[in-house]
Amino acid sequence: MHQPVDGLVCTRITIDSDSQTLSLLWNDGHLCIFPLDGLRRACPCAGCQGHEKMHELPDPEIFRVPALMRWEKVKAEIAGSVGLRLHWDDGHNSGIYTWKRLRAMCPSD
Ligand SMILES: [Zn+2]
Ligand SMILES: [Zn+2]
């Protein structure tokens, strides 16, 4: 899980609280757009997903269901070459979303 995606580097991270999305631009020109609420529910940490499920990809449906709440103060912190740590309004920040996982669970493919 903890290796970068083959040859792919995320070159821009945009969090837009107006549209409630987090977008990742990759060096191959692909843009991934995640709804923030879905991304919060997809948090890969053991506390959110349980130890068994944390290495599985979330059900893509998680990004299609209507948002239950708005997220206004989300911050992304780059966790080295591993991925992104997201700091959520609810104080949660234990999940590191690996680059590989983010690209794999992209709802805009
Ligand atoms: Zn994508
Ligand atoms: Zn979590």
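Cys106 counts as partly exposed because it has 17 C-beta neighbours inside 10 Å; a residue is buried with 20 or more other C-beta atoms within 10 Å of its own, exposed with 12 or fewer, and partly exposed in between, with C-beta atoms placed from the backbone. This is a predicted model, in which local features need pLDDT of at least 70 and side-chain atom pairs count only at pLDDT 80 or more, while totals for chains, interfaces and linings use all residues. Residues are numbered from 1 along each chain as its sequence is written, and chains are lettered from A and ligands numbered from 1 in the order in which they are written.

**Position of Cys106**

- Cys106 lies in the segment after helix H3 (99–104); helices (H or I, at least four residues) and strands (E, at least two) are DSSP runs, numbered from the N terminus.

**Overall make-up**

- The protein has three helices and six strands, and from the N terminus on its elements follow the order β-β-β-α-α-β-β-β-α.
- The radius of gyration of the protein, taken over C-alpha atoms, is 13 Å, which agrees with the value near 13 Å for a compact globule of 109 residues; the globule rule is 2.2 Å times the number of residues to the power 0.38.
- Along the principal axes, the C-alpha atoms fill a box of roughly 35 × 35 × 25 Å.
- Of the 109 residues, 20% count as buried.

**The three-stranded sheet**

- Three strands form an open sheet in the order S1-S2-S3, with antiparallel pairing; two strands pair if DSSP finds at least two bridges between them.
- Strand S1 (10–16) and strand S3 (31–35) are at the edges, and each has a single partner strand, so one side of each is left without a neighbour in the sheet.
- Strand S2 (residues 21–26) pairs with S3 in the antiparallel sense over five bridges, and Thr21 has Pro35 in S3 as its bridge partner.

**The nonpolar core**

- The largest nonpolar core has 13 residues, of which Leu22, Leu39, Ala42, Leu84, Tyr97 and Leu102 touch the most other members; such a core is a set of buried Ala, Val, Leu, Ile, Met, Phe, Trp, Tyr and Cys residues joined through C-beta atoms within 7 Å.
- Two or more residues of this core come from each of S2, helix H1 (36–41), strand S5 (83–87) and H3.
- In soluble globular proteins, nonpolar side chains tend to be buried together.
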